[in-house]
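Let's take a walk through this model together.

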Amino acid sequence: MNDGETRKEQLYPIYKAKVAAYVGSRISQTEDAEDLVSQIFTKVYQNLPAYDESRASLSTWIYSITRNTVIDYYRTNHLCDEWTKELASEEDFIEKILKEELLEELAAALEKLDRRERDIILLHYYQEYTLKEIADKMCISYSYAKLLHGNALKNLRKYIKH
């Protein structure tokens, strides 16, 4: 079995719950929701060879297919009157899922940094200290704090896929 086949087999167990939750929150008929989840994964599997990871992450691509399939369901069944505001809202369910995934990915990347690099990132971006304040707090030179900060950002980019 090649990597593409393994990847394909892993998609359903990884994304099924989130896709089903999104569809279930938009479609009240259980049978229709289940059918849509099946349609979504059929589309995902059929279009997987055309997926371009340089354009979007895999999860973004799958959630876009999910959202578009739900929209198509409303259009083809002439249910536009039932179309909820949530479908087009700013804080969409898909956006929430993507943010959670990005936060998980960031947390995992932070764990890979050495202690000093992680401290610099947390102090600078989460506690909003300046690099000068961080240098004083960590008893290191300002130049070294800048170097650590640059290295930490470089390493985070390497560890984060997006």
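Predicted model: local features only at pLDDT ≥ 70, side-chain atom pairs only at ≥ 80, totals over all residues.

Helix α6 spans residues 131-138, and its buried residues are Leu131, Ile134, Ala135 and Met138. Because they cover an arc of only 100° around the axis, these residues sit on the same side of α6. Why would such a spacing in sequence give one face? An α-helix has 3.6 residues a turn, so residues three or four places apart point the same way. As for partners, the buried residues of α6 pack against α5 (115-126) and α7.

Now move on to helix α7, residues 142-159, where you will find His149. Is His149 buried or exposed? Its relative accessible area is 12%, so with a cut-off of under 20% His149 counts as buried. Its side chain makes a polar contact with the side chain of Tyr125, at 2.9 Å. Leaving aside residues up to four places away in sequence, His149 touches Ile120, Ile121, His124, Tyr125 and Leu131. Leu131 is also one of the buried residues of α6.

Next, the aromatic rings. The structure holds 5 aromatic pairs. In one of them, the ring centres of Tyr12 and Phe41 are 4.9 Å apart and the planes meet at 70°, so this pair is edge-to-face. The pair links distant parts of the chain, with Tyr12 in helix α1 (residues 3-26) and Phe41 in helix α2 (residues 30-47), 29 residues apart. Tyr12 has a relative accessible area of 37% and is therefore partly exposed, whereas Phe41, at 3% relative accessibility, is buried. Another edge-to-face pair is formed by Tyr73 and Tyr74, with 5.7 Å from centre to centre and 80° between the planes. Both of these tyrosines, Tyr73 and Tyr74, are buried. Tyr12 and Phe41 also belong to an aromatic cluster together with Tyr45.

Finally, step back to view the whole chain. It has 7 helices and 0 strands, so to read the order of elements from the N terminus you simply follow α-α-α-α-α-α-α. Of the 162 residues in the chain, 33% are buried. Among contacts with a separation of 6 or more, 62% are between residues 24 or more positions apart. The chain exposes about 10600 Å², and carbon and sulfur atoms supply 50% of that area.

Methods. Residues numbered from 1 in each chain as written. Heavy atoms only, no water. Helix = DSSP H or I, 4+ residues; strand = E, 2+ residues; numbered from the N terminus. Buried < 20%, exposed > 50% of the residue type's maximum accessible area, 1.4 Å probe, protein only. Polar contact = N/O pair within 3.5 Å; in protein donor to acceptor, adjacent residues only side chain to side chain. Contact = heavy atoms within 4.5 Å. Areas by Shrake-Rupley, 256 points an atom, 1.4 Å probe, with all protein chains shown as cover. Arc of directions from axis to C-beta. Phe/Tyr/Trp six-rings, centres within 6.5 Å; stacked < 30°, edge-to-face > 60°.
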